[in-house]
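Opening the notebook on a new chain today.

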Amino acid sequence: MLMPHPAVLRTLVDEYEAVTATGSTGSAAADTRAQDLAYTLCVSTGTREVTSALEVARSWLSAATAADATTRRTTHDESRVYA
């Protein structure tokens with residue numbers, strides 16, 4: 001399965017949470033945007049429900065953050081010059 005880039009996934013999660021933060025979106029445009037984001041999150045994570053999509057997305061984002069931190073530490077450690 002292809003995985004979305006973490007920056008794209010973070011944007012989807014953040015925007016979905018912002019649109020749905022008030023409990024009920026209210027306007028037709030906000031409702032449509034929430035549905036579009038929910039669909040995109042589900043497709044991006046291979047799930048069928050937005051709750052599951054958000055769980056998977058957060059898990060992937062957490063793993064990507066941990067991997068990025070490890071990569072930065074390793075790269076920094078390997079760049080040291082020992083005399």
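Predicted model: local features only at pLDDT ≥ 70, side-chain atom pairs only at ≥ 80, totals over all residues.

I started with burial: 23% of the 83 residues of the chain count as buried, where buried means under 20% relative accessible area, exposed over 50% and partly exposed in between (1.4 Å probe, protein chains only). Residues are numbered from 1 along each chain as its sequence is written, and side-chain values use heavy atoms, with hydrogens and water left out.

Surface next. I get about 5900 Å² of accessible surface for the chain, 57% of it belonging to carbon and sulfur atoms; the areas come from the Shrake-Rupley method with a 1.4 Å probe, and for residues only the protein chains shown count as cover.

Layout. I find three helices and zero strands, in the order α-α-α along the sequence. Helices (H or I, at least four residues) and strands (E, at least two) are DSSP runs, numbered from the N terminus.

Leaving out residues up to four places away in sequence, I see Leu37 touching Leu12, Glu15, Tyr16 and Val19, with contact meaning heavy atoms within 4.5 Å.

Helix 2. Which of its residues are buried? I listed Ala30, Ala34, Leu37, Ala38, Leu41, Cys42, Ser44 and Thr45. They cover an arc of only 165 degrees around the axis, which puts them on the same side of helix 2; the arc is that of the directions from the helix axis to the C-beta atoms. The face turned away from that buried side carries the exposed residues Ala28, Ala29, Gln35, Tyr39 and Val43. Just after helix 2, Gly46 takes a positive phi of about 70 degrees.

Pro6. This proline is found in helix 1, and I put Pro6 down as partly exposed because its relative accessibility is 34%. Its C-alpha atom is separated by 7.7 Å from that of Trp60, 54 residues apart along the chain. Pro6 also touches Leu61 and Ala64, not counting residues up to four places away in sequence.
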